[in-house]
Amino acid sequence: MLTSALRGLAAVSLAVLPLTAPAPAHAAETLPLAEAIARLPVEAESRDGYDRDAFRHWNSGDDPDDGCNTRGEVLLAEAVEPPTVGPRCRLSGGRWWSYYDQVWVTSASGLDLDHLVPLAESWDSGASAWTAQRCEAYANDQGAEASLVAVTARSNRSKSDQDPAEWLPPATEVHCRYAAEWVGTKLRWSLAADETEVAALHETAADCPDQSVTYEPAA
């Protein structure tokens, strides 16, 4: 009798669990590009106090035991043809597609790892109020594919710390994608945009009626 009663209580407990389990705290959301732009807080930007060293990178990456830092892990993830991984995550061979300028790259040394929203731009847009830990998380973000992108050193250095009002990829056919990833990154990290930047994004979005933005808020 006691055994039956205990089993009954266990069954009731199991039945209740799904009803009381918490909902995911950071659900991904997909929006049309124009609507996503409208969600950006519009604020004046300030670079006061900016120091690139406030964003510690590259750290030991998502897997501290694989011998690769964040840069190495992203290069491995984005390789179209995987490179050989040697001691201390030295990469040889392999093939990458630099989408900014539509160029194939066959050496990891020819690639820069671009913060899609540059570190200085993130500082201007709200990161100046972050803790050191959050700045490091941003600088090494592998939780969204768009946050860090392997591109030719030439295209990355041409971009520098400019926003879409000042720079878009040289390959015009990727402007819709780039604008969507820019907006998605800012929404992911709750970063603001200034009026000139928002106007440029809307101008780009006008030519991208089918472009959507998918983002998941950073923890």
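**Exercise 1. Find what share of the 219 residues in the chain is buried.**

Step 1. Buried means under 20% relative accessible area, exposed means over 50%, and partly exposed lies in between (1.4 Å probe, protein chains only).
Step 2. Read the share. Buried residues make up 42% of the 219 residues.
Step 3. Know the source. This is a predicted model: local features need pLDDT of at least 70, side-chain atom pairs count only at pLDDT 80 or more, and totals for chains, interfaces and linings use all residues. Residues are numbered from 1 along each chain as its sequence is written, and side-chain values use heavy atoms, with hydrogens and water left out.

**Exercise 2. Count the helices and strands, then describe the contacts in the chain.**

Step 1. Helices (H or I, at least four residues) and strands (E, at least two) are DSSP runs, numbered from the N terminus.
Step 2. The chain has 8 helices and 8 strands.
Step 3. A contact means heavy atoms within 4.5 Å. Take the contacts with a separation of 6 or more: 72% of them join residues 24 or more positions apart.

**Exercise 3. Locate the salt bridge of R157 and say what it ties together.**

Step 1. Side chains of opposite charge can pair when their charged atoms come close. The rule for a salt bridge is a side-chain nitrogen of Lys or Arg within 4 Å of a carboxyl oxygen of Asp or Glu. The count comes to 12 salt bridges.
Step 2. The partner of R157 is D112, with the closest N and O atoms 3.0 Å apart.
Step 3. R157 sits in helix α6 and D112 in strand β6 (residues 111–115), so the pair ties together parts 45 residues apart in sequence.
Step 4. R157 is exposed, because its relative accessible area is 60%. D112 is buried, because its value is 12%.

**Exercise 4. Find the backbone exceptions at W58, R88 and S160.**

Step 1. Recall the background. Most residues other than glycine have a negative phi, and most peptide bonds are trans.
Step 2. The peptide bond from H57 to W58 is cis, with omega near 0 degrees. W58 is in the loop between α2 (33–38) and α3.
Step 3. R88 has a positive phi, near 60 degrees. R88 lies in the loop between β2 and β3 (91–92). R88 counts as exposed because its relative accessible area is 83%.
Step 4. S160 also has a positive phi, near 55 degrees. S160 is in the loop between α6 (153–159) and α7 (175–188). At 44% relative accessible area, S160 is partly exposed.
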